[in-house]
Every structure is written in C-alpha cells, then in structure tokens.
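Please look over the sequence and the model below before reading on.

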Amino acid sequence: MATLTLKNVAYKHNQRQILQDVQLVLSAGKIVGLLGENGAGKTTLMRLIMGTAKGRGEIRVNGEAGVVARKQHISFTDHLSGFSTGMKLEQIAKFYASVYPDFDTTRYQEMVAFLELDAQQKLGELSKGTREKLIIALTLSRQAAVYLLDEPFSGIDSMSRKKIINSIIKWTPDEAILLISDHYVSEIAPILDEIVVVKDQTITLHQATDEIRDRYGIELEDYYEQLYTGGATDDK
Ligand SMILES: Nc1ncnc2c1ncn2[C@@H]1O[C@H](COP(=O)(O)OP(=O)(O)OP(=O)(O)O)[C@@H](O)[C@H]1O
C-alpha cells in the first residue's frame, strides 16, 4: 500500500527559510489537497518529495528514502520544461513510454480522447489549459504509488475544469496517493479526502474533509477561508 511520510523537512533558498519543521503522513487511497497562498511553498514541497529540490529531513515513499528509489514510485510532470516547443504531443508520449516502464499507453490514449487533445499539435502551440490537460494525461498514465499535480487548474475555464476533475476521478488508481495543489479549495473540494495547508513556512493543518464537515458543520471553502481570517483552529 502506498505511503508518503515527511519528517522534520526543511528547505532554504538563498539563505531564506522557505519551509521548516514539516511533518506529514499520507496513506493509500487518498486524494489530498495541498493548499496555501502564493509563495507558501506548495511547489517547493512537491519538488522536495520528488527529489528535484534538496532540503533537510527525511522523506519516504513506500518506505524508500533514497531519491532514486523514491522517484520510481512518484509520477510528477514538472511543467514539461525539458521538452522543446516544436515537439508534437505524440512524440512526448513516445518519450514517456520509452523512459517510464510503468507508462500505460492505452490509459494515455483514453485520456487523450477524453480530454480532446490533438496528438499532432506541437507543445509550443498549446494554450495554458491544454498544456495542463496534457500534464494530467502524462502524469496519470503512469502506474505509481504517489501522483503529484501542481496547480492543474490555473488558467482553466470551467468546462475544462470539470473534465479535468472527471479524469482525476476516473484515472487515479484507488490504492494511490494523489497530492494536488491549489490556491483555492472550491474547485477541487468535491473530490478531496483530506486537506494539507502550507502556511508560515510549515504544514499548519492536515485534516480529513469529512471530519471538517461533520465537526464544524461548514463547507471546506468556508473552513479554509476562516484559517486566514483567524476563525478556525487546528486542535488535531
Ligand atoms: N529554486 C528556487 N528559485 C527561486 N525561488 C525559489 C526556489 N525555490 C523556492 N523558492 C521560493 O520559495 C517560495 C515558495 O515558492 P513556491 O513556488 O514553492 O510556492 P507556491 O506555494 O507553490 O506558490 P504559487 O501558489 O504562487 O505557485 C517563493 O518565495 C519562491 O520564490
């Protein structure tokens, strides 16, 4: 079963403390919202989990702490920055299939059809939203324990958002952990099992969404808003 644990994780950039004292335990079968304001450190946390940023502390995925072993269990597409803009989508998919033995081409083709991507289009021709759809298709087409989606809804219109949410529900394996970051919770609230809030350089809250609704009798959006206006407390 998939597990992701972070113990005493800290990260500095140019002498500036970005994250510190980060503790987190996530277990299999959960869709987890990683929430926080601009610059809170959500992307940094994903890059630390993936091993593309190096910090202090211990990060384990399925018990593996070493970066190479850990990476094999994680599917994360870091903004496709390594690909040239002239590459066609079908070439990118072929590259993924050749590099990742766990890449499921059938699943990818299904997602391409569902998200209405054009395999002949070039990366540089994609709109922001279409690019996000491609990232989701590539990321979820791998068979991994942990999936990381970094702000898949930025710049996305509401129809595409619904499609993306539906693809997440349909294609995220039941036994995996999906960590999905966003500034706002409203867009993804219906599919989240847990939320993790990054604030003041650390994780200030990790709670099940059912518990929030049951205990406080309010929707996730309102609860999250209260965290910033001082109304909600974390007494976990
Ligand atoms: N490699 C880096 N180069 C420059 N700045 C960095 C780097 N790594 C972290 N930072 C800084 O760390 C802070 C957190 O950034 P990060 O992108 O993780 O936040 P975020 O929560 O994902 O924000 P956003 O929601 O705006 O994407 C920022 O102040 C950023 O400038």
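Two strands are said to pair if DSSP finds at least two bridges between them, and the elements themselves are DSSP runs numbered from the N terminus, with helices being H or I runs of at least four residues and strands being E runs of at least two. The model is a predicted one, in which local features need pLDDT of at least 70 and side-chain atom pairs count only at pLDDT 80 or more, while totals for chains, interfaces and linings use all residues. Residues are numbered from 1 along each chain as its sequence is written.

With these terms in hand, the reader can begin with the sheet of three strands, which is open, has the order β2-β1-β4 and is antiparallel in its pairing. Its edge strands are β2 (16–27) and β4 (56–61), each of which pairs on one side only, and the twist from one strand to the next averages 15°, where angles run from 0 to 180 degrees between N-to-C directions and axes are lines fitted to C-alpha atoms, for helices over the stretch in contact. Strand β1 (residues 3–13) is joined to β4 in the antiparallel sense over five bridges; along this pairing Leu 4 has Val 61 of β4 as its bridge partner, and Leu 6 stands opposite Ile 59 in β4. Towards β2, β1 runs antiparallel with eight bridges, and His 13 stands opposite Arg 16 in β2. The hairpin of β1 and β2 has two residues between the strands, and in this hairpin Asn 14 takes a positive phi near 50°.

A second open sheet has six strands in the order β5-β6-β7-β3-β8-β9, and its pairing is mixed. Here the edge strands are β5 (74–76) and β9 (202–208), each pairing on one side only, and neighbouring strands are turned by 20° against each other on average, direction ignored. Strand β3 (residues 30–35) pairs with strand β7 (residues 177–182) in the parallel sense over six bridges, and Leu 34 has Ser 181 of β7 as its bridge partner.

Helix α1 has contacts with both sheets, a contact meaning that the C-beta atoms of two residues, placed from the backbone, lie within 7 Å. On the six-stranded sheet, α1 touches β3, β5, β6 (146–149), β7 and β8 (194–199), and its direction makes about 140° with that of β5.

Elsewhere, helix α5 (residues 128–140) and helix α6 (residues 158–171) pack at an angle of about 0° with their axes 11 Å apart. The two helices α5 and α6 are therefore roughly parallel to each other, a term for angles under 35 degrees. In this contact Gly 129, Lys 133, Ile 136 and Leu 140 of α5 meet Ser 160, Ile 164, Ser 167 and Trp 171 of α6, and the residues involved divide into four nonpolar, three polar and one charged.

Conventions:
Angles under 35 degrees count as roughly parallel, over 145 as roughly antiparallel, 65 to 115 as roughly perpendicular and the rest as oblique. Ala, Val, Leu, Ile, Met, Phe, Trp, Tyr, Cys and Pro count as nonpolar, Asp, Glu, Lys and Arg as charged, and the others, Gly among them, as polar.
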